[in-house]
Amino acid sequence: MNYGRRFLDITGSTSNQLTTVLDYARLAKIDPDGPEDYRNYYVTNPGTIMPRLSTESGVNKNNRVSDAYVEDGSYIRLQNVSLAYTFPRQWLKNTFLTNVKLYCNIQNLFTITKYDGFDPEVGSMQGNALRNGVDYSRYPSPRIYTVGVNVQF
């Protein structure tokens, strides 16, 4: 469940929002001269998944937990790539060096996913093992580059 999107998709919120809120449900009257009653309204953009604009804090609050925030969290990630090159000893025979190795390591090189959150690899919400699969917008796994030289004399 993309718990962070639940707060960023709220139409009528006073905080930062995603651009998806621009596709909120728009209402129009069926009969322009009819009553101001919910039965006289229809949604003009029925393909939207965003609720109508509302700033109410009562029972019709737009940020209720629902399956609208459940997404496919499948992903493929290249987690760790290590490359190293050791110079041939014959290249070093006229130097004071006995061995030289260049190396690099990259963690989290890429992730392929359709998930909309920061990182599909979500942990337990607030460290609680009973709340697995809830993405509360924790900091995503960083990409880390390591480069080095190993020299022996």
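Is Tyr85 buried, partly exposed or exposed, and what is its relative accessible area? In this predicted model, Tyr85 is partly exposed, at a relative accessible area of 40%. Tyr85 also contributes to a nonpolar surface patch of about 790 Å², together with Trp91, Phe96, Leu102, Val149, Val151 and Phe153. Of these residues, Trp91 belongs to helix H2, which spans residues 89-92.

The whole structure contains three aromatic pairs. In one of them, Tyr85 and Phe87 adopt an edge-to-face arrangement, with 5.5 Å between the ring centres and 75° between the planes. Phe87 is partly exposed, its relative accessible area being 23%. Phe96 and Phe153 form a stacked pair, with a centre-to-centre distance of 5.8 Å and 5° between the planes. Phe96 is located in the loop between H2 and S6, and Phe153 in the segment after S7, so this pair ties together parts of the chain that are 57 residues apart in sequence. Both Phe96 and Phe153 are exposed. Ring pairs also link Tyr85, Phe87 and Trp91 into a cluster. A further contact to an aromatic ring involves a charged side chain: Arg26 lies over the face of Tyr24, 4.2 Å from the ring centre.

Side chains of opposite charge can pair when their charged atoms come close. The model contains five salt bridges. One of these joins Glu71 and Arg5, with 2.7 Å between the closest N and O atoms. Because Glu71 lies in the loop between strand S4 (50-52) and strand S5 (75-86), whereas Arg5 is in helix H1 (residues 3-8), the pair ties together parts that are 66 residues apart in sequence. Glu71 and Arg5 are both buried.

A salt bridge is also formed by Glu36 and Lys29, whose closest N and O atoms are 2.5 Å apart. Here Glu36 is exposed, with a relative accessible area of 64%, while Lys29 is partly exposed at 22% relative accessibility.

Glu121 and Arg77 form another salt bridge, with an N to O distance of 2.6 Å. Glu121 is placed in the loop between strand S6 (99-113) and strand S7 (144-152) and Arg77 in strand S5, so the contact ties together parts that are 44 residues apart in sequence. Glu121 counts as partly exposed at 32% relative accessibility, whereas Arg77 counts as buried at 16%. Salt bridges with shared partners join Arg77, Asp119 and Glu121 into one network.

Definitions and conventions. Residues are numbered from 1 along each chain as its sequence is written. This is a predicted model: local features need pLDDT of at least 70, side-chain atom pairs count only at pLDDT 80 or more; totals for chains, interfaces and linings use all residues. Side-chain values use heavy atoms; hydrogens and water are left out. Patches are made of residues with over 30% relative accessible area and no salt bridge: like charges are joined within 9 Å, nonpolar side chains (Val, Leu, Ile, Met, Phe, Trp, Tyr) within 5 Å. Accessible areas come from the Shrake-Rupley method with a 1.4 Å probe; for residues, only the protein chains shown count as cover. A salt bridge is a side-chain nitrogen of Lys or Arg within 4 Å of a carboxyl oxygen of Asp or Glu. Helices (H or I, at least four residues) and strands (E, at least two) are DSSP runs, numbered from the N terminus. Buried means under 20% relative accessible area, exposed over 50%, partly exposed in between (1.4 Å probe, protein chains only). Rings of Phe, Tyr and Trp (its six-membered ring) pair if their centres lie within 6.5 Å; planes under 30 degrees apart count as stacked, over 60 as edge-to-face and the rest as tilted. A charge sits over a ring if NZ of Lys or CZ of Arg is within 6 Å of the ring centre and within 35 degrees of the ring normal.
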